[in-house]
Amino acid sequence: MKMKKREREFILILLLSGVIGVSVGVIVSLFHKAIDFVLDNKIAVIEAYWPWPQSIWVAYVLLSAFMVFFSVYLVKHFSPEAGGSGIQEIEGVVGNKRTMHEVRVILVKFIGGLFSIGGSMAMGREGPSVQIGGAFGQLVSRRFKLKRDDINVLIAAGAGAGLAATFNAPLAGLLFVFEEMRKEIRYTYIPVQSVLTATIMSIVALRLIVGNNIAIPINDLVIPTVNELWIFIIFGLFFGLLGFVFNKYLVSFTTAIANLKNFTSNLVTLSVGGLIGLLLYFFPESVGEGYSAITSALHGHMAVSALLSLFVVRFLTTLLSYGTGAPGGIFAPMLALGTLFGIAFGVVANDLMPTLGVEPMVFAVVGMSALFSATVRAPITGIVLVAEMTHSFDLLMPLLITSLSSVIIANALGGRAIYTVLLEKTLKISKFGNKK
């Protein structure tokens, strides 16, 4: 009995999904290793070759300014669609609203992300990884002259594989595609199987190359009782407000810098890079992806004032970093912000209510998911992502309650999903023929 045409196409799509997943897992692993190499060695290089030890902070400023400027230069002159997170670009392509020059995106995103994130900008690896994955999905699928809908499925599969490999979180990669791209990708058999195959294979490749480490190790936590769950409703209200403010000012900073003339824009980029270098020397937890800040907050016994001060500074460095248009995501910085505010909230709550009994570290874990949910408006992805990253599956009830209340408040305030707003901004600029 001969196979029907659509059955043959499905087998081809499934095979290509596996190839894309493995390839994206390898590329993302190499991307992460390259960033780690730069982060681990740039300070040693400065200390070894800077001739004036008394003013070594100047070397930090100059190096970071150069790395950030070069990163933004690559975006402006070779691939404007590779700036920022890139997730909104993938959504635009899958929704047939944008086009993507996949080879240029992969190269600029990889090299530019290496310089921006390696330069300690307050940005994450997940945005570049998702866009690289989606671009690679398009690169492979076009070679087989597939239909546009099937190409979009493989782009989404590559994007999901990129997110999964970034955080070693296969379920989050799968859910992200269907929650964040629900308008563009339907929950039918072929897309689900394609994305699932790609995310599984990317995780296999990742674990063969870098191992199977927990992204954010957390000690065993005491699960809050039913009588304590009410506090997470209040906790979520705070994050709904924070998510609304974060989105508003992220777009404002990005728009303001994008509208500057070329010379002024370059000056601002150099200034932001120099500021990042200065902070890296004097206040290292305030810059970078945020994992050092998360570690310090979880295990450093920081005072509430120190936690909130670090939260404010990291909030501003994240806005400035993303505003330059350098390649980099906001997931990891948001995880750090959620951790810092969460522990501060937990300490204050226990001081005000000594009988509460909920560990501050519980609020840290839940806070990661809450800010993600209020900002991205993908609460299921945020919950599963944090659970996979921390192995805190026992905290599902607090995660669900906080994420739900944060999304409700963000919506009530008139806020919208950050990538939807960023995509609309990009489409509006493109309509008038300006650079992104």
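Of the 436 residues of the chain, 56% count as buried, where buried means under 20% relative accessible area, exposed means over 50%, and partly exposed lies in between (1.4 Å probe, protein chains only). The model is a predicted one, in which local features need pLDDT of at least 70 and side-chain atom pairs count only at pLDDT 80 or more, while totals for chains, interfaces and linings use all residues. Residues are numbered from 1 along each chain as its sequence is written, and side-chain values use heavy atoms, with hydrogens and water left out.

The chain holds 17 helices and zero strands; helices (H or I, at least four residues) and strands (E, at least two) are DSSP runs numbered from the N terminus. The chain is as compact as a globular protein of its length, because its radius of gyration of 21 Å is close to the 22 Å that the globule rule gives for 436 residues. That radius is taken over C-alpha atoms, and the rule is 2.2 Å times the number of residues to the power 0.38. The C-alpha trace spans about 70 × 60 × 45 Å along its principal axes. Among contacts with a separation of 6 or more, 82% join residues 24 or more positions apart, a contact being heavy atoms within 4.5 Å.

The accessible surface of the chain is about 18,300 Å², and carbon and sulfur atoms make up 67% of it. Accessible areas come from the Shrake-Rupley method with a 1.4 Å probe, and for residues only the protein chains shown count as cover. The mean positions of the 32 positive and 24 negative charges are 14 Å apart. Lys and Arg count as positive and Asp and Glu as negative, without His and the chain ends; each charge is placed at NZ of Lys, CZ of Arg, CG of Asp or CD of Glu.

Helix H3 covers residues 87–94, and eight of its eight residues are buried. Just after H3, Asn 96 takes a positive phi of about 60°.

Further along, Ser 120 lies in the loop between helix H4 (102–118) and helix H5 (126–143). Ser 120 is not a glycine, yet its phi is positive, at about 75°. This serine is buried, with a relative accessible area of 4%.

Thr 166 belongs to helix H6 and is buried at a relative accessible area of 15%. Its side chain reaches the backbone oxygen of Gly 162 at 2.7 Å. Apart from neighbours within four places in sequence, Thr 166 is in contact with Val 28, His 32, Arg 125, Glu 126 and Ser 129.

Asn 168 sits in the loop between helix H6 (148–167) and helix H7 (170–180). Its phi is positive, about 55°, although Asn 168 is not a glycine. Asn 168 is buried, with a relative accessible area of 12%.

Helix H7 is mostly covered, with eight of its 11 residues buried. Among the buried residues are Leu 174, Phe 176, Val 177 and Phe 178. Glu 179, also in helix H7, is buried with a relative accessible area of 12%. Beyond its neighbours within four places in sequence, Glu 179 is in contact with Tyr 187, Ala 378, Pro 379, Ile 380 and Thr 381. Glu 179 and Ile 380 are 201 residues apart in sequence, but their C-alpha atoms are 7.6 Å apart in space.

How values were computed: Polar contact = N/O pair within 3.5 Å; in protein donor to acceptor, adjacent residues only side chain to side chain.
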